[in-house]
Amino acid sequence: MVAEFAVALPAVVAVLLLSAAALNACALQVRLQDAAADAARLAARGESDGRVSGAVAAVGGSMAIDRRDDLVCVTASGDIPPLGALHATSCALAGGR
C-alpha cells in the first residue's frame, strides 16, 4: 500500500500543479480580453495613450495599438511562465462614444 502511494503521489501532485497553471492561464486570458476591449474603446474615443495603456497594465500585460480605417484595434499580451505568452485582440469603431 505504501509503495503504491509513493508511486502515485508525484503523479497526483503533477496533475494538480498543471491544473492550477491551466486555470491561471484561463483567468489571465479572460482578464486580457476584457482589458483589450476597454483599451480599444478608450483609444477609439481619443483618450491619452497613458490612460489606454493603463487599462492593460492593470492586468500585468503589454499592448499594441493598430489603427485600421475606421477601427482601432488593441492587442493585449501577457505571459504565464511555464505555459508561454497569451494574446487577446479587440477592436472599436474610431470616434465612437
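This is a predicted model: local features need pLDDT of at least 70, side-chain atom pairs count only at pLDDT 80 or more; totals for chains, interfaces and linings use all residues.
1. Residue D49 belongs to helix α2, a segment that spans residues 49-57; helices here are DSSP runs of H or I with at least four residues, strands are runs of E with at least two, and both are numbered from the N terminus. D49 counts as exposed because its relative accessibility is 54%, where exposed means over 50% relative accessible area, buried means under 20%, and partly exposed lies in between (1.4 Å probe, protein chains only).

2. Residues are numbered from 1 along each chain as its sequence is written, and side-chain values use heavy atoms, with hydrogens and water left out.

3. The largest nonpolar core contains 20 residues. Such a core is a set of buried Ala, Val, Leu, Ile, Met, Phe, Trp, Tyr and Cys residues joined through side-chain atoms within 4.5 Å. At least two of its residues come from each of α1, α2, β2 and β3, and α1 gives the most, with ten. Within this core, L32, A39 and L86 have the most contacts.

4. The surroundings of L32 deserve a separate look. Apart from neighbours within four places in sequence, L32 is in contact (heavy atoms within 4.5 Å) with V59, A76, S77, G78, L86 and A88.

5. Strands β2 (residues 71-80) and β3 (residues 84-93) run antiparallel and are joined by ten bridges; two strands pair if DSSP finds at least two bridges between them. As an example of the pairing, C73 has C91 in β3 as its bridge partner. In a regular strand, side chains alternate between the two faces of the sheet.

6. The whole structure holds four salt bridges, each defined as a side-chain nitrogen of Lys or Arg within 4 Å of a carboxyl oxygen of Asp or Glu. One of them joins R41 to D38, at 2.4 Å from N to O. These two residues lie about one helical turn apart, because they are three residues apart in helix α1. R41 is partly exposed at 45% relative accessibility, and D38 is also partly exposed, at 29%.

7. Another salt bridge links R68 and D66, at 2.7 Å from N to O. R68 is partly exposed with 42% relative accessibility, while D66 is partly exposed with 35%.

8. R51 forms a salt bridge with E47, and their closest N and O atoms are 3.7 Å apart. R51 counts as partly exposed at 48%, as does E47 at 28%. Together with R45, these residues are linked in a network of salt bridges.

9. A nonpolar surface patch of about 400 Å² is made by F5, L9, V13 and L17. Patches consist of residues with over 30% relative accessible area and no salt bridge, with like charges joined within 9 Å and nonpolar side chains (Val, Leu, Ile, Met, Phe, Trp, Tyr) within 5 Å. Accessible areas come from the Shrake-Rupley method with a 1.4 Å probe, and for residues only the protein chains shown count as cover. L9 lies in helix α1, which covers residues 2-44, and is partly exposed at 39% relative accessibility.
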